[in-house]
Amino acid sequence: MRTKSLKKNKINVITLGCSKNTYDSEVLMGQLKASGKDVVHEQEGNIVVINTCGFIDNAKAESVNTILEYADKKERGIVDKVFVTGCLSERYRPDLEKEIPNVDQYFGTTELPLLLKALGADYKHELLGERLTTTPKNYAYLKIAEGCDRPCSFCAIPIMRGKHVSQSIEKLVKEAEGLAKNGVKELILIAQDLTYYGLDLYKKRNLAELLENLVKVEGIEWIRLHYAFPTGFPMDVLELMKREPKICNYIDIPLQHISDKILKSMKRGTTKEKTTKLLKDFREAVPGMTIRTTLIVGYPGETQEDFEIMRDWVQEMKFERLGCFTYSHEENTGAFVLEDDVPEEVKKARAQEIMDLQSQISWDLNQEKVGQTFKCIIDRKEGEHFVGRTEFDSPDVDNEVLIDAAKFYVKTGEFVNVKIIEATEYDLYGEPV
């Protein structure tokens, strides 16, 4: 017994789900380290904290399987304690406590101080914005707001994350300065809804003012915008994007659908005509910008005609980056009262059709890049290649630039100019110049 009590605890934080969860895990790890705890990310540790995702069926299944895996490891004495936090835990805590009782404790998305206490650590308010980043050293996520006030019928995020709460410009600038001192060169701004930023704090949409302040942070060379909402988009952001070289000519704007009937049922507050005009305004304001979007197929009531409207529109708009998901019927959302009437195989076939179409669009757009030179950030070395990105690509979801490591040496974490010599649907091959 005595040796057990003398064993030094190592806390292993496991992150599932989106970049917002990555950020939350990093904050948790920063707090634990400040309390003198030995903490690692997705390595070996005798105490495990699982930061779960509860967004759609696949993500929920992955979270549940991970909890079961570590509950079993606890049962077998491989780990000593298992704690669960994040969106799945926020949304389904009573069910989880009943079904998987071998977890030591479950916590919601706003219970960081309680989780820290359970881990024998104190919540330190003075650590504002300090965290242990888990991404490659050259980029980091900056969460500018939490929660969402939008009423989208398919989405459970407000249930799990609550109302929209913006972080102050001062706090975010301080956080960005800390990241830059640690070698971060690229900030990826994330929120459930960037478009809404500042309405609660400053009584106006204030994303442009935040960006004006962030571009002044020394050491930061790229600022990237993720998850903007199409309704009420602050157009002054585009003027700034065009004028300010540090702001990447890139925006991630999930549009979800384009058939007016489906948009209305989804409570998106927009129409096909308004959305098409917005995108044309984007391209006019910032020529050459990259637009990333995501779409949902198989929403309740989606007919073949609705799907074809979307498919034809994707062909017409030629998005540089696009992802497509099948609809997931989520309890307590507005759409849950509707019949989930599109068969699973139809959903999958429609998603595949959209992605096949996008693959061709991406191929065509990438061929145009051959012979051009781009400033790239080098994220890592993988196998026989150094892997980098242009300003038009976000990590993990977009195109990558591959450089033959047998012929060339480039430093990871640094910027380098790369001439594109070949392109496939989703990868560019290049040589440093």
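Is Glu 26 buried or exposed?

1. In this predicted model, Glu 26 has a relative accessibility of 0%, and since the cut-off for buried is under 20%, Glu 26 counts as buried. The residue that its side chain meets in a salt bridge is Arg 131, with 2.7 Å from N to O. Arg 131 lies in the loop between α5 (112–118) and β6 (139–143), while Glu 26 belongs to helix α2 (residues 19–34), so this pair ties together parts that are 105 residues apart in sequence.

2. Glu 175 sits in helix α7 (residues 169–181) and Arg 131 in the loop between α5 and β6, so here the parts tied together are 44 residues apart in sequence. Glu 175 is buried too, with a relative accessible area of 2%.

3. Another pair to check is Glu 320 and Arg 283, whose side chains meet in a salt bridge of 3.1 Å, N to O. This pair links distant parts of the chain, 37 residues apart, with Glu 320 in the loop between α13 (304–317) and β13 (321–326) and Arg 283 in helix α12 (residues 272–285). Glu 320, at 15% relative accessibility, counts as buried, whereas Arg 283, at 25%, counts as partly exposed.

4. Turning to the whole structure, a search finds 36 salt bridges. A network of salt bridges links Asp 57, Lys 60, Arg 91, Glu 330 and Glu 331.

Definitions and conventions. Residues numbered from 1 in each chain as written. Predicted model: local features only at pLDDT ≥ 70, side-chain atom pairs only at ≥ 80, totals over all residues. Heavy atoms only, no water. Salt bridge = Lys/Arg side-chain N within 4 Å of Asp/Glu carboxyl O. Helix = DSSP H or I, 4+ residues; strand = E, 2+ residues; numbered from the N terminus. Buried < 20%, exposed > 50% of the residue type's maximum accessible area, 1.4 Å probe, protein only.
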